[in-house]
Amino acid sequence: QGDAVHVYVNACPHIGTPLDWTPDRFLSHDASLIICATHGAEFRIAAAGPVKGKKTINETDSAKPMSLYGKSKLAAESIVEESGLRYAIVRPPLVYGPRDKAVFSLFRFISHGYAPHLTTTNQKLSIVHVSDLVRGVLLIAENDGRGIYYMTDGPPHTWEELMKAIGKALGREPKFISVSPGIADFVAKFEQVRGKVMGGKPFITPDRLTELFQTDWTCSDVR
């Protein structure tokens with residue numbers, strides 16, 4: 001940087017995976033930050049740690065999805081925004097409630113006494129119950145709402161808080177188990193193959209792992 005030379009180990013200090021998103025490509029588009037390809041942590045060049053002060057996103061912030069799924073959703077939003085139609089877009093965070101399989105799988109893990117985590121137990125995330133989400137959508141429709149809306153149950157939670165809440169509901173004290181990126185990637189690829197062979201939906205995919213490895217998955221519903 002400038003006349004200075006800085007040397008770095010190609011490993012994320014949070015989870016140990018290589019930083020480059022393609023071989024020998026580490027920097028943001030403006031070359032001001034080093035970006036972890038696995039979970040999106042940002043590092044200042046010549047700094048000792050991640051960029052501080054990243055805030056919970058709201059409707060005025062530009063969306064920057066990490067996964068192919070997220071990028072496809074953003075592309076669909078762009079089509080709607082450019083259509084000239086009157087629209088309202090709802091961006092829910094983690095949704096839980098009846099018939100939900102993703103969060104229910106965590107109940108099954110914790111019922112056996114284990115709480116898996118891919119990043120740290122301090123991973124932050126926003127959540128919303130499906131009934132609150134439906135109520136919010138109805139309010140938007142009834143009040144002729146327009147634009148983009150995030151919906152949450154309030155302040156963000158940590159992964160540890162969420163797992164302990166599930167454990168309390170089940171009467172179990174969960175033991176936190178760290179799942180390494182290598183094992184998670186193997187399971188995701190195995191699930192893809194199993195889904196193709198058996199014709200079912202994979203439990204997890206590499207693209208979904210990209211989202212799960214994010215250390216901050218929060219949004220604000222102030223609007």
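Strand E6 (residues 124–125) is joined to E11 by two bridges, and the two run parallel. Here strands (E, at least two residues) and helices (H or I, at least four) are DSSP runs, numbered from the N terminus. Strands pair if DSSP finds at least two bridges between them.

This is a predicted model: local features need pLDDT of at least 70, side-chain atom pairs count only at pLDDT 80 or more, and totals for chains, interfaces and linings use all residues. Residues are numbered from 1 along each chain as its sequence is written, and side-chain values use heavy atoms, with hydrogens and water left out.

Back to the sheet. E6 belongs to an open sheet of three strands, in the order E9-E6-E11, with mixed pairing. Strand E9 (157–158) and strand E11 (216–217) stand at the edges with a single partner strand each, so one side of each has no neighbour in the sheet. Leucine 125 stands opposite tryptophan 217 in E11.

Now take threonine 158, in strand E9. Threonine 158 has 16% relative accessibility, so it counts as buried. Buried means under 20% relative accessible area, exposed means over 50%, and partly exposed lies in between (1.4 Å probe, protein chains only). Contact means heavy atoms within 4.5 Å. Neighbours within four places in sequence aside, threonine 158 is in contact with Thr121, Asn122, Gln123, Lys124 and Leu125.

Leaving aside neighbours within four places in sequence, isoleucine 110 is in contact with Ala115, Met163, Ile166, Gly167, Leu170, Arg172 and Pro174.

Ala188 lies in helix H5, where Pro181, Ala184, Ala188, Glu191 and Gly195 are buried. These residues cover an arc of only 85 degrees around the axis, which puts them on the same side of H5. The arc is that of the directions from the helix axis to the C-beta atoms. Helix H6 (206–212) is part of what covers the buried residues of H5. The face turned away from the buried side carries the exposed residues Gly182, Ile183, Phe186, Val193, Lys196, Val197 and Met198.

H5 (residues 181–198) has 18 residues and reaches 25 Å from first C-alpha to last, close to the 26 Å expected at 1.5 Å a residue. That expected span is 1.5 Å times one less than the number of residues. Glycine 199 follows H5, with a positive phi near 80 degrees.

Helix H1 (residues 68–81) holds glutamate 81. At 35% relative accessibility, glutamate 81 counts as partly exposed. Neighbours within four places in sequence aside, glutamate 81 is in contact with Tyr87, Ile89 and Ile148. The C-alpha atoms of glutamate 81 and glycine 147 are separated by 8.8 Å, with the two residues 66 apart along the chain.

Finally, the whole chain. It has six helices and 11 strands. Of its 223 residues, 31% count as buried. Among contacts between residues at least 6 apart in sequence, 68% join residues at least 24 apart.
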